[in-house]
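Trainee: Could you help me learn to read a structure, feature by feature?
Mentor: Gladly; let us look at one together.

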Amino acid sequence: MKKHNYSAGPCILPQEVFEQSAQALLDFNQSGLSILEISHRSKDFIAVMEEARALVLELLGLEGKGYQVLFLQGGASMEFLRVPYNYMKVGGKAAYLETGTWASNAIKEAQLFGETEVVASSKAANFNYIPKDYTIPEDADYFHCTSNNTIFGTQMKSFPKTDVPVICDMSSDIFSRQLDFSQFALIYAGAQKNMGPAGTTLVVIKEELLGKTGRTLPSMMDYQKQIKAESMYNTPAVFPVYASLLTLQWLKKQGGIAGIEQINAAKAALLYAEIDRNPLFEGTAAVEDRSVMNATFLLKDAAHTEKFDALWKAAGISGLNGHRSVGGYRASMYNALPLESVHVLVNAMQELERSI
């Protein structure tokens, strides 16, 4: 039976990416070598890295705008540390918007470097909404936000207009919707949602804003050194970068971000309509802040849990359980999840309603 994978990450990727990756594990580019054993300095892999970096700029509409692309290691959590290293001035301060667990973790790292002002937080409401009315200090070295909150099912629908450099963790909605990406000084995202397997992290940087902190940086933490080394200051994560390239190629064939955004909107509209219509379910996130990538919802009566769990599992659905911080269910609808899978989930929800 086909599995409908709603896992929050690592998660579903396009079927053709699985197939091409599997072939490359056996024989990459008819070299007689596996992608797992080729040199990261070989012509074949350098071509992979260069194309992946170029495709990122093309898809984000950042070509020729002074941005550099890195594929690094350590996950998005490492960027919680690299960001203040590279942007918080000695004796300076940073501004953060706290909208979920990962934003909270980023704040903890920034506090190690200097004054860290939380301009707004939805923690008191278990992060079920995105704060709107807040002021970013004009003297902040940067403002950090998280565009999509995987655990709590909320998403920023707009970003503040400010002269302060804006840095965004887009780990769970990168490449899913059209934005003016040039409004950001830096974007970072772990691969394991919309790009590839865990093991590499995408960082997109406006280069002219670097090198202004007065801080001495460890080499691995220094974005300028990583740019100069073209993502190869140390051995890169060859296979995750290759799988990310394949996913970027697939995305381009779908019509790029504009094309996939329409599909994502249709998936989210279908599921949220059923959550709101079906008397057995309720959403957990504020309606205006609902994530297109991660829909979080509960059964109004927990007594129906066993029956509903049996229904969705019998339908071939996987990874639907909610995070322990929220409970209930979480349907992660990343780019590669087909609309068909959402229909299967909606049918299971309707079947439960009919059986009660």
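Mentor: What follows is a short walk through some features of this structure.

Mentor: A word on the ground rules comes before the features. This is a predicted model, in which local features need pLDDT of at least 70 and side-chain atom pairs count only at pLDDT 80 or more, while totals for chains, interfaces and linings use all residues. Residues are numbered from 1 along each chain as its sequence is written, and side-chain values use heavy atoms, with hydrogens and water left out.

Trainee: Which residues have the most contacts inside the largest nonpolar core?
Mentor: In soluble globular proteins, nonpolar side chains tend to be buried together. A nonpolar core is a set of buried Ala, Val, Leu, Ile, Met, Phe, Trp, Tyr and Cys residues joined through side-chain atoms within 4.5 Å. Buried means under 20% relative accessible area, exposed means over 50%, and partly exposed is in between (1.4 Å probe, protein chains only). Here the largest core has 55 residues, and those with the most contacts inside it are Val56, Leu60, Phe143, Phe175, Leu202 and Val204. Helix 2 (residues 43–60) gives the most to this core, with nine residues. Helices (H or I, at least four residues) and strands (E, at least two) are DSSP runs, numbered from the N terminus.

Trainee: What is Val56 in contact with, leaving aside its neighbours within four places in sequence?
Mentor: Contact means heavy atoms within 4.5 Å. With those neighbours left aside, the partners of Val56 are Val69, Phe71, Phe175, Leu202, Val204 and Leu248. There is also a second, separate core of 27 residues, with Met333, Ala336, Leu337 and Leu352 among them.

Trainee: Where do nonpolar residues form a patch on the surface?
Mentor: Patches are made of residues with over 30% relative accessible area and no salt bridge; like charges are joined within 9 Å, and nonpolar side chains (Val, Leu, Ile, Met, Phe, Trp, Tyr) within 5 Å. Accessible areas come from the Shrake-Rupley method with a 1.4 Å probe, and for residues only the protein chains shown count as cover. In this model, Leu25, Leu26 and Leu36 make up a nonpolar surface patch with about 330 Å² of accessible area together. Leu26 belongs to helix 1 (residues 15–26) and is exposed, at a relative accessible area of 68%.

Trainee: How many salt bridges does a search of the whole structure find?
Mentor: A salt bridge is a side-chain nitrogen of Lys or Arg within 4 Å of a carboxyl oxygen of Asp or Glu. The search finds eleven. In one of them, the side chains of Glu79 and Arg82 meet at 2.5 Å, N to O. These two are three residues apart in helix 3 (residues 75–87), so about one helical turn separates them. Both ends are buried: Glu79 has 0% relative accessibility, and Arg82 has 2%.

Trainee: Which parts does the pair Glu353 and Arg277 tie together?
Mentor: Their side chains meet in a salt bridge (2.6 Å, N to O). Because Glu353 lies in helix 9 (residues 339–355) and Arg277 in helix 7 (residues 256–277), the pair ties together parts that are 76 residues apart in sequence. Glu353 is partly exposed at 26% relative accessibility, and Arg277 is partly exposed at 43%. Salt bridges can also be linked in a network, as with Lys93, Glu117 and Asp139.

Trainee: Why is Cys11 too far from Cys168 for a bond?
Mentor: A disulfide is a pair of cysteine sulfur atoms within 2.5 Å. The closest cysteine sulfur to that of Cys11 is in Cys168, 18 Å away, and therefore too far for a bond. Cys145 is in no disulfide either, with the nearest cysteine sulfur, that of Cys168, 3.9 Å away. The count by this rule is zero disulfides. Cys11 is buried at 12% relative accessibility, as is Cys145 at 0%.

Trainee: What should I look for in the backbone?
Mentor: Look at the peptide bonds and the phi angles. Gly9 and Pro10 are joined by a cis peptide bond, with omega about -5°; Pro10 lies in the loop between strand 1 (4–5) and helix 1. Asn29 is not a glycine, yet its phi is positive, about 55°. Gln30, also not a glycine, has a positive phi of about 55°. Asn29 sits in the loop between helix 1 and helix 2, and Gln30 is in the loop between helix 1 and helix 2.
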